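Trainee: I have just opened this entry for the first time. Could you walk me through it step by step?

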Amino acid sequence: MKRRRQIYEGKAKVLFEGPEPGTVIQYFKDDATAFNNKKKGVITGKGVLNNRISEYLMTRLGEVGVPTHFIRRLNMREQLVREVEIVPIEVVVRNVAAGSLSKRFGIPEGTPLPRAVIEYYYKNDELDDPMCSEEHITAFGWATVGEIDEIVSLTIRVNDFLCGLFLGIGIRLVDFKLEFGRLYHDNGDIQLVLADEISPDNCRLWDIATNEKMDKDRFRRDMGKVEEAYQEVARRLGILPESGPADARSTDTIQ
Ligand SMILES: Nc1ncnc2c1ncn2[C@@H]1O[C@H](COP(=O)(O)OP(=O)(O)OP(=O)(O)O)[C@@H](O)[C@H]1O
Ligand SMILES: [Mg+2]
């Protein structure tokens, strides 16, 4: 079998060249990092669960008309996606105060925000992903004014949809991070689509009844039961790998 060419290895995923031009394969690792790589670890089975969870959420979003990079899941740890030119901005949406927002502004974690707050961070590990404004994004040419408008309207739709979806399974969507990319069509059109992943690695998910954390904060804050939390999210979404947790531990990839 032809060896696939690796395009990029990130902290949570590896990107390989896809079978057709314009496609890439995302391989989901169990590696976990926090605080911009200062804390490192492994969450057994995370890659399998995030592959499924992101597949599920991207598919549901696609059904309600949000364009995404997702094509199909290939196996336990891999999915086929459209190759895009990533807009170098992390778009963070917050419904409830937590994490760096609480720290920066002194608002206690768990305080509901009167309206969803959108923040932007410039994707640059060397600079620790600094927060930036729309002015920076346009001034430095990271995206156009039109692209920002599109990103904001897509982000609000994603937030509304995901808040409802998680509410239905007893989970509060506290905040999350999105990445967008430019899809270059053959006819010259450029389309902005949702890219990367949506998973407990980049969402804060709290149980509605108990406020228990069901996301990467359990790893960041050494709270334990990290795998169990990711599994519980998948279970509530109705997508726990068929044979249960043992299946999620498999590291095999089936080509
Ligand atoms: N459809 C896509 N086409 C091209 N690149 C993508 C696509 N979806 C996601 N990416 C990029 O692939 C990488 C995924 O790897 P990973 O999430 O492990 O990166 P990371 O360590 O978080 O690093 P980064 O700081 O670059 O995001 C990210 O850089 C992400 O922006
Ligand atoms: Mg990433």
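Mentor: Let us begin with a term: helices (H or I, at least four residues) and strands (E, at least two) are DSSP runs, numbered from the N terminus. This is a predicted model, where local features need pLDDT of at least 70, side-chain atom pairs count only at pLDDT 80 or more, and totals for chains, interfaces and linings use all residues. Residues are numbered from 1 along each chain as its sequence is written, while chains are lettered from A and ligands numbered from 1 in the order in which they are written.

Trainee: What is the bridge partner of Phe16 in S3?

Mentor: Strand S2 also pairs with S1 (residues 6-9), antiparallel over three bridges, and there Phe16 of S2 stands opposite Gln6. In S3, the partner of Phe16 is Ile25.

Trainee: Which domains give at least three residues each to the shell around ligand 1?

Mentor: A residue is near a molecule if its C-beta atom, placed from the backbone, lies within 6 Å of it. By that rule 19 residues surround ligand 1, with Gly10, Lys11, Ala12, Lys13 and His69 the closest. Strands S2 (13-17), S7 (78-82) and S12 (171-184) each give two or more residues to this shell. Domain bounds come from an automatic or database domain assignment, and the shell draws at least three residues from each of domain 1 (6-84 + 226-249) and domain 2 (85-207).

Trainee: Which element gives the largest share of the side of domain 1 that touches domain 2?

Mentor: The C-alpha centres of the two domains lie 18 Å apart. Two residues are in contact if their C-beta atoms, placed from the backbone, lie within 7 Å, and this contact takes 22 residues from domain 1 and 27 residues from domain 2. On the side of domain 1, H1 and H6 give two or more residues. The largest share, seven residues, comes from H1.

Terms used:
Pairing = 2+ DSSP bridges.
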